[in-house]
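The stops below are intended to be selected in turn.

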Amino acid sequence: MNQKMTPVSNVSKPPSKLAQWLSRASGMMWLRTVKIVAGILLVVLLTFYSAAVLFTDQGGFTVSIKDSGKGNTQSGAISLSETADFASPTVRLEAQDVAGMTNISGLDIPVDVDNYDGAHNGENYMAYTFYLKNSGEAACNVLTELRIDGVVKAADEAVRVKVYKNGIPTTYAKLAADGTPEPGTTPFEGGKKVLSELSENLAAGETTKYTIVIWLEGNDPECLDNIKGGSVKMSLMFSVVEDTETQSET
């Protein structure tokens with residue numbers, strides 16, 4: 001009986017040691033690459049998260065009228081509103097926090113940020129516009145105080161607060177590490193006080209417009225990794241005062 005012979009070229013051969021080594025090496029390189037990529041992604045995600053919690057969990061901004069506690073009827077002579085028509089006057093306002101806020105340049109903030117009412121936050125800054133009115137029948141002196149109520153991880157070292165008063169802006173910041181003002185800013189008054197200002201003889205019915213813009217200045221030398229995950233809580237308070245009270249407050 002004739003038997004067909006299988007051609008030698010069709011016989012499967014076990015892989016050589018070189019082929020086995022190359023196969024193992026390729027698998028190890030692929031696994032190593034996956035681990036490296038995963039590590040990079042993890043670092044990026046952690047960095048984004050740590051920067052994104054600024055001004056969220058413990059941050060915030062409130063505006064209120066201080067009760068003198070002296071039974072002085074003047075304490076009810078001023079009111080607040082998010083709109084110029086004072087359709088809903090109040091003694092307390094609260095701005096919205098910014099979710100996912102990270103550092104930016106002040107130049108990134110729109111030039112028309114003062115043209116809107118109420119809360120109009122950007123992606124990486126808080127912006128809040130409101131109105132103060134002397135709703136009494138006589139002129140009064142109004143003391144304005146902007147204070148820092150809480151700080152986590154020294155985030156206030158790089159924070160900027162721009163206050164528009166009737167369209168005129170002033171930017172406030174802590175002094176630089178060398179004790180000099182940050183470029184283009186007015187230094188915080190010191191301690192927990194950002195600013196205090198007296199508006200004298202605010203006429204009956206007179207309205208003042210304010211826009212507050214808060215951001216973390218990326219060009220500040222103190223804007224370093226150690227403040228990631230930090231927060232700042234601020235409040236703006238107005239009070240009607242007599243001249244003697246004003247002198248004692250300053």
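Predicted model: local features only at pLDDT ≥ 70, side-chain atom pairs only at ≥ 80, totals over all residues.

Residues are numbered from 1 along each chain as its sequence is written, and side-chain values use heavy atoms, with hydrogens and water left out.

**Aromatic rings**

Select Tyr 128, Phe 130, Tyr 210 and Phe 238, which form one aromatic cluster. The structure holds four aromatic pairs (ring centres of Phe, Tyr or Trp, the last by its six-membered ring, within 6.5 Å; planes under 30 degrees apart are stacked, over 60 edge-to-face, the rest tilted). One of them joins Phe 130 and Phe 238 edge-to-face, with 6.1 Å between centres and 65° between planes. This pair links distant parts of the chain, 108 residues apart: Phe 130 is in strand S5 (residues 126–134) and Phe 238 in strand S12 (residues 231–241). Strands are DSSP runs of E with at least two residues, numbered from the N terminus.

Tyr 210 is buried at 3% relative accessibility, and Phe 238 is buried at 0% (buried is under 20% relative accessible area, exposed over 50%, partly exposed in between, with a 1.4 Å probe and protein chains only).

Next, select Phe 86 and Lys 133: Lys 133 lies over the face of Phe 86, 5.4 Å from the ring centre. The criterion is NZ of Lys or CZ of Arg within 6 Å of the ring centre and within 35 degrees of the ring normal.

**Salt bridges**

A search of the whole structure finds seven salt bridges (a side-chain nitrogen of Lys or Arg within 4 Å of a carboxyl oxygen of Asp or Glu). Select Glu 145, Arg 147 and Lys 193, which are linked in a network of such bridges. Between Lys 193 and Glu 145 the closest N and O atoms are 3.8 Å apart. Lys 193 is in strand S10 and Glu 145 in strand S6, so the pair ties together parts 48 residues apart in sequence. Both Lys 193 and Glu 145 are buried.

Move to Lys 165 and Glu 197, whose side chains meet in a salt bridge at 2.9 Å, N to O. Because Lys 165 lies in strand S7 and Glu 197 in strand S10, this pair ties together parts 32 residues apart in sequence. Lys 165 is partly exposed at 25%, as is Glu 197 at 32%.

**Single residues**

Which residues does Thr 62 contact, leaving aside neighbours within four places in sequence? They are Arg 92, Leu 93, Glu 94, Met 234, Ser 235 and Leu 236, where contact means heavy atoms within 4.5 Å. Thr 62 belongs to strand S1 (residues 60–65) and is buried, at 9% relative accessible area.

Finally, select Asn 201, which has a positive phi of about 50° although it is not a glycine. Asn 201 is in strand S10 (residues 193–202) and is exposed at 58% relative accessibility.

Definitions and conventions. Helix = DSSP H or I, 4+ residues; strand = E, 2+ residues; numbered from the N terminus.
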